[in-house]
Amino acid sequence: MLTSAEVSEVTLTFADGAEHVLAVEAGQNVLDAGLAAGLPLLHQCRSGSCSSCLARLTSGHAEHRAGASSSLTPSEKAEGLRLLCMTEAQGGCSFSLGYDSKVGETKPVVAQSFVNAVERVAADVVRLELELAEGSWMTFRPGQFINVTVPGTDVVRSYSMATTPADLPRIELFIRLLPGGVMSDWLENRAAVDDVVTIEGPFGAFFLKDKVKAPHVMIAGGTGLAPMLSMIDTIRATPGKKPPVLLSFGCQTPEGLFALDRLELRGHWLPGLETRLSVDRGTCESARTGNPVAAITADDALPPDAVAYLCGPPGMIAAARAHLEALGLSSENIFAEHFTASGA
Amino acid sequence: MNEQTPVRRRRTVSANQIAAERMNDEKTQGQYQPYKDAAWGFINHWYPALFSEELPEQKVEGIQIAGVPILLRRAAGKLYAIKDQCVHRGVRLSSKPMCFNDTSIACWYHGFNYDLETGMLNNIVANPDSTLIGKTGVTTYPVQEVAGMIFVFVREDDFPLEDVPPLHHDLPVRFPENNERFPHPLWPDTPSLLDEGAVAMGMHRTGQSNWRIACENGFDNAHILVHKDNTIVHALDWVLPLGILPASDDAITLIEDEDGPKGQMQWLFTDRWKPVLENEALGLKVENLKGRFYRTSVVLPGVLMVENWPEEHCVQYEWYVPITDDMYEYWEVLVRVCKTDEDRKKFKYRFDTVYVPLCLEGFNDCDLYAREAMEEFYADGTGWDDEQLVETDISPVVWRKLASRWNRGIAKPGKGVTNATKTGSIRMRRLAEGKAPGYFVEKIENVNKR
């Protein structure tokens, strides 16, 4: 049992106001205590030289470990700056940090991009390829989406990236054409290579969870295929044994199916990928008739730890969730992104 | 963004970048796009690193595979492989080995000392109480030694150790267990490196071309024309065809076993392939008399097996281990099962007096320069689009597709490693000193000796 003399209460305040209180033991440095508590503290050398873990002492006493040298100048120290990897607390004290608590997360940014290609890939789907402009950058997690301002308007629409962060600065979107839609009007009548498009992102909590080796089930309705393509390409490039992936992709009619050549290639490149195609109406050789949810059955013998990613209209998501739970998947392993067609 | 700032397209960067996906002909070439992207090799595979005799007790060697600098050390009878790049400032530890005990190695520059087993930074020579100790380290690589060869599993830093497959997944298929599937009535069972009593004898040297160009040479059945005039062919009166044409749909069988290597077997000297012994229009005819039956197969990450070569009971293995995007380490290894010391001596004698001068050098030297002759066409990546393939190229094309499917990762262009920057002044100085870029680290000579 440690007495209060051996433990100091240290408060860390991030730039976004997030505050965390730590118990730092005597002889322990603040960085180690913070990392042990899971705080997103920036650091690198952990030995007083690189200055990544710079913080400002705002109250109390805390000095660098006795006899330890650091890259801080005496005047910086006098101002209250400390390197947390060298700092021991002498009783209760507080520090402010120059970065916010979401530092490890990707924050949405506004970026400019150029149109590389606009291409009709199905009766009602357009492939839009963008390339981030000089000086613009954003990164994202596979599965997330961006907001696209329709050029010449102030209308904003959301689309998931079909490409991966490794493909940046190239970003690819699959967009469903809607009669009278503002985006559809631009795509069909005005969009041209070299147009400038403003985008903002990334957004969304729907993204591939890292390093899960249990089987993955993906159910995509229409352009809900886009985030699945991003996730599949990410799985393919991730080191280590790859999880089996069962992708069920459905559209209303055979004419609505798209990216089939791409799925065929992925099937070739990723031996663990199985793709099932469904169409609600009409017939085509490669697709079964029905919805993509029903294409997954008890015969697939999904283990209870299988994870599922769902993207499509709300009705499909609800049906898929119920169906997968009935097949034994646990509800916390089912992740969904539903989209609704925007009005005109 | 300031509204006055004009929005500009980015300048495209081409140096050291993986080829952009070709959307326009994705269908035709797309099946092997991952292979085209693998200029720096496939990673997360087992590769030969050294012959056992190249790494005696206490020796430290530095090599580079697929853009990864690797240090090997043998100490107290145990083999270790760790990343040969100090986490501190990137110095290659192997360029001036400094070891204070049998379980660690220190960086000779600032004394960062690494545990050989775990790669962990466990001391700093002049800073033993540093708070950094125990908090960082270098990647370790699984090592395995068989039949006189040291293999290393070259992995990405975050490839989980528990996912490392057994070595036999990256070695050619074995016999007799595959006799039914791949019968060979014309020669005895092919030995394997993994057989009991197997002895590997061979050599390795650096070739100045991309590893893929090198790899595709060995099982390309039109390439044997380059051997038309080789001494051994005529001294032993071998019937070596001008070329061998595929004559059936099943000329190649894919090997895609779950618990085994992934590759392709070519049914040479069966009715599925037709040897061409004469070209009347050009006045060419093979007139030698002695049949020289052999069969080629290739498995990931690019291991050629030539069965029944150069003689019965013997097999030739070849590796084309990527070093950078324009260099590979060419391994030629003959394997024979030697049950007694006497057998081993005989094999060694024949290796030294016949196989090295006439086969591994005389015969295979032609392959080495043939690969280099192709290199410039492919060096900037355009050759993959511009090549005009022909019937016999089913072999490399099947291989490209298969490799695209079963590789365990595409090596990223080497960063901060030897020979990644082609125009660096150190590289230039070495060239001026007459040292060709290669596989081994450049050792620092004793500073007191001039």
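Tutor: The C-alpha centres of domain 1 of chain A and domain 2 of chain A lie 43 Å apart. This is a predicted model, in which local features need pLDDT of at least 70 and side-chain atom pairs count only at pLDDT 80 or more, while totals for chains, interfaces and linings use all residues. Residues are numbered from 1 along each chain as its sequence is written, and chains are lettered from A and ligands numbered from 1 in the order in which they are written.

Student: Into which domains is chain A divided?

Tutor: Chain A is split into domain 1 (7-96), domain 2 (109-203) and domain 3 (216-338), with bounds that come from an automatic or database domain assignment.

Student: What makes β3 and β5 of chain A a pair of strands?

Tutor: Strands are DSSP runs of E with at least two residues, and helices are runs of H or I with at least four, numbered from the N terminus. Two strands pair if DSSP finds at least two bridges between them; β3 (54-64) and β5 (87-96) of chain A are joined by eight bridges and run antiparallel, so they pair. For instance, A:A62 has A:A89 in β5(A) as its bridge partner.

Student: Why is one side of β2 and of β4 of chain A left without a neighbour in the sheet?

Tutor: The open sheet has five strands in the order β2-β1-β5-β3-β4 (chain A), with mixed pairing. Because β2 (19-25) and β4 (81-83) of chain A stand at its edges, each has a single partner strand, and one side of each has no neighbour in the sheet.

Student: Which strands are the edge strands of the sheet in chain B?

Tutor: In chain B, three strands form an open antiparallel sheet in the order β2-β3-β4; the edge strands are β2 (60-65) and β4 (78-83), each of which pairs on one side only. Strand β3(B), residues 68-75, is joined to β4(B) by six bridges, and β2(B) and β3(B) also pair over six bridges. Among the bridge partners, B:I70 goes with B:K83, B:R74 with B:L79, and B:G62 stands opposite B:L71.

Student: Why is β3(B) said to be largely enclosed by the rest of the structure?

Tutor: A residue is buried if 20 or more other C-beta atoms, placed from the backbone, lie within 10 Å of its own C-beta, exposed if 12 or fewer do, and partly exposed in between. Seven of the eight residues of β3(B) are buried, so the strand is largely enclosed.

Student: How do you know that the buried residues of α3(A) line one face of the helix?

Tutor: In helix α3(A), residues 182-190, A:M183, A:W186 and A:L187 are buried. Seen down the helix axis, the buried residues of α3(A) fall within an arc of 95 degrees, so they line one face; the arc is that of the directions from the axis to the C-beta atoms. These residues pack against β6, β7, β9 (156-160) and β10 (170-176) of chain A.

Student: What makes residues of chain A and chain B count as in contact, and how many do?

Tutor: Two residues are in contact if their C-beta atoms, placed from the backbone, lie within 7 Å, and 22 residues of chain A are in contact with 24 residues of chain B. On the side of chain A that touches chain B, α5(A) gives the most, with four residues.
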